[in-house]
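Subject: Structure handover

Dear colleague,

I am passing the structure below on to you, and my notes on what was found in it follow directly after it. Please read them with the structure open beside you.

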Amino acid sequence: MAALSIRRAAALVLMTLSLGAQAAIFSDDEARQEIIKLRPQVENLRRSLAVVTEELRKSEEARLSAEAQQAQQAQQAQVRALQQEEAAQLMRSAMAKSADDQVQNRRGLLELANQLEVLRRELTQLRGEKEELVHYVALVQRGLQDMKRGQADLQMAVDGMRSNLGEMQRNVNEVSTGVEARIRRIEPVKVSVDGREFEALPLEVSGFDAALATLRKGEYAPAKTAFEQFQLRYPTSGYRASVLYWLGNAQYATRDYREAVASLRSMLQVAPDHPRAPEAMLTIATCQVDLKEPRNVVRRTLEDLVKAYPNSEAAAAAKERLAKLK
């Protein structure tokens, strides 16, 4: 189209030049007439030239635009080529990395497979252990059931034992009470009689106290019998000296003077340092007087009393009696 416009423009120019040449041949009037005639054509030519010029301009612009578009397309193609090259490079890198990743994945898969195999073997072992554990749990459960039954039996036995224990406890309490009573009767206790301390059985204490109480009530014969029985029953008692002394006094009260002298002399042999020894010697002297023994016998007894126990009240009484015997 651009070439056609150029050719048309050239033809118009040639026509214009041709007309100018023809006008030079005619005279001025003719030329004027000819020019007037040619004015429309010239005007048409001008318009045609303007149109052609405009077309040429547009054609040039279109050409330039096409070239620019082609250049842009070429540039875009280059950009796309570069992008494709970069994409290909990235693709190659990705493929290389993917290959490495695949190698790593294969290694990981092999390791995972090995681990799965180990886990499989462990799972098999665990299943075996689970079966053993289930069997053991069953045994334990049966054992627990047996224990529960045994516990129930044991509880029944314990209840029975508690009942028996209560009965036994009552029996033990009764026996303990009786034993304590017996122990109290046979276990020695500390006593103090006539200024002397010693241990004696409870029966000894009660027997002596009962005999002495009988004597103090003036029941001399029963008291004499009680002291004699005490002496026979407890010959080595700590009460022996006191028993002999009070026995001699009971015998003196019943006028058994010789027996009284014998008992009191036995008391002095057993315990010459007894607090009642001076009184015992004084009672012997009194019995000798009642027996009407010689005065020298009585005097000897009183003198021995004063000599053995000079600071006693019995010694003072003996001195008075000695004065009367002169």
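The contact (heavy atoms within 4.5 Å) is made by Phe-208, Leu-212 and Leu-215 of helix 3 together with Ser-242, Val-243, Trp-246 and Ala-250 of helix 5. These residues divide into six nonpolar, one polar and no charged, where Ala, Val, Leu, Ile, Met, Phe, Trp, Tyr, Cys and Pro count as nonpolar, Asp, Glu, Lys and Arg as charged, and the others, Gly among them, as polar.

Please keep in mind that this is a predicted model, in which local features need pLDDT of at least 70 and side-chain atom pairs count only at pLDDT 80 or more, while totals for chains, interfaces and linings use all residues. Residues are numbered from 1 along each chain as its sequence is written, and side-chain values use heavy atoms, with hydrogens and water left out.

As for the chain as a whole, it has nine helices and two strands, which are DSSP runs numbered from the N terminus (helices H or I, at least four residues; strands E, at least two). From the N terminus on, the order of these elements is α-α-β-β-α-α-α-α-α-α-α. Of the 326 residues in the chain, 22% are buried, meaning under 20% relative accessible area, with exposed meaning over 50% and partly exposed in between (1.4 Å probe, protein chains only).

Thr-283, which lies in helix 7 (residues 277–290), counts as buried because its relative accessibility is 13%. Leaving aside residues up to four places away in sequence, Thr-283 touches Asn-249 and Leu-264.

Most residues other than glycine have a negative phi, yet phi of Arg-255 is near 65° and phi of Lys-292 is near 60°. Arg-255 is found in the loop between helix 5 and helix 6 (257–270), and at 65% relative accessibility it counts as exposed. Lys-292 lies in the loop between helix 7 and helix 8 (295–308), and its relative accessibility of 73% means that Lys-292 counts as exposed.
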